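Here is a friendly tour of some side-chain contacts, written for a reader who likes geometry. Have the model open as you read.

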Amino acid sequence: QVQLVESGGGLVQAGESLSLSCAASGSISSVFVMGWYRQAPGKPRELVATISGGGVTNYASSVRGRFTISRDNAQNTVFLQMNSLKPEDTAVYYCNARVSTYSGAVRGYWGQGTQVTVSS
């Protein structure tokens with residue numbers, strides 16, 4: 001079994017910064033792509049950023065230049081540094097990781113979500 005545990009998030013004012021982290025644990029053989037997604041009320045879940053095991057990153061156009069994704073492969077942890085936050089960044093942020101377990105299975109896992117609220 002694999003668990004993703006997120007931390008960070010909270011309430012900030014527009015223009016401020018927040019940092020999220022997500023640690024994967026359990027019967028993990030390898031962790032491939034890790035990423036962050038978000039879901040605002042009444043909207044579908046959308047990609048925020050992803051990072052490969054080799055460090056190749058991909059960002060949604062709405063966050064490029066303001067958010068930075070990084071990872072610590074030794075700790076199976078992914079981070080999201082969010083700067084210059086806007087009210088439209090308000091959402092529940094979810095961590096995702098594609099994981100190979102010791103059983104040989106490969107699948108994606110989700111964290112429980114953490115609320116980010118940006119006031120104007």
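A residue counts as buried when its relative accessible area is under 20%, as exposed when that area is over 50%, and as partly exposed in between. Keep in mind that this is a predicted model.

Let us begin with Y94. Its relative accessible area is 14%, so Y94 is buried. W110, by contrast, has a relative accessible area of 40% and is therefore partly exposed.

**Aromatic pairs**

How many aromatic pairs does the structure hold? There are two of them, and their geometry is set out here.

| Pair | Centre to centre | Angle between planes | Class |
|---|---|---|---|
| Y37 and W110 | 5.1 Å | 70° | edge-to-face |
| Y94 and W110 | 6.4 Å | 90° | edge-to-face |

Why is the pair of Y37 and W110 edge-to-face? Planes over 60 degrees apart fall into that class, and the rings of Y37 and W110 have their planes at 70°, so the pair qualifies. This pair links distant parts of the chain: Y37 lies in strand β4 (residues 28–39) and W110 in strand β10 (residues 106–110), 73 residues apart.

For Y94 and W110, the angle between the planes is 90°. Here too distant parts of the chain are linked, with Y94 in strand β9 (residues 91–101) and W110 in strand β10, 16 residues apart. Taken together, Y37, Y94 and W110 make up one aromatic cluster.

**Charges over rings**

**A nonpolar patch**

On the surface, F32, V33 and V106 form a nonpolar patch, and together they have about 220 Å² of accessible area.

**The disulfide**

A disulfide is a covalent bond between the sulfur atoms of two cysteines. Searching the whole structure turns up one. Which residues form it? They are C22 and C95, with their sulfur atoms 2.1 Å apart. The link is left-handed, with -80° about the S-S bond. It joins distant parts of the chain, C22 being in strand β3 (residues 18–26) and C95 in strand β9, 73 residues apart. Both C22 and C95 are buried.

Terms used:
Residues are numbered from 1 along each chain as its sequence is written. This is a predicted model: local features need pLDDT of at least 70, side-chain atom pairs count only at pLDDT 80 or more; totals for chains, interfaces and linings use all residues. Side-chain values use heavy atoms; hydrogens and water are left out. Rings of Phe, Tyr and Trp (its six-membered ring) pair if their centres lie within 6.5 Å; planes under 30 degrees apart count as stacked, over 60 as edge-to-face and the rest as tilted. Helices (H or I, at least four residues) and strands (E, at least two) are DSSP runs, numbered from the N terminus. Buried means under 20% relative accessible area, exposed over 50%, partly exposed in between (1.4 Å probe, protein chains only). Patches are made of residues with over 30% relative accessible area and no salt bridge: like charges are joined within 9 Å, nonpolar side chains (Val, Leu, Ile, Met, Phe, Trp, Tyr) within 5 Å. Accessible areas come from the Shrake-Rupley method with a 1.4 Å probe; for residues, only the protein chains shown count as cover. A salt bridge is a side-chain nitrogen of Lys or Arg within 4 Å of a carboxyl oxygen of Asp or Glu. A disulfide is a pair of cysteine sulfur atoms within 2.5 Å.
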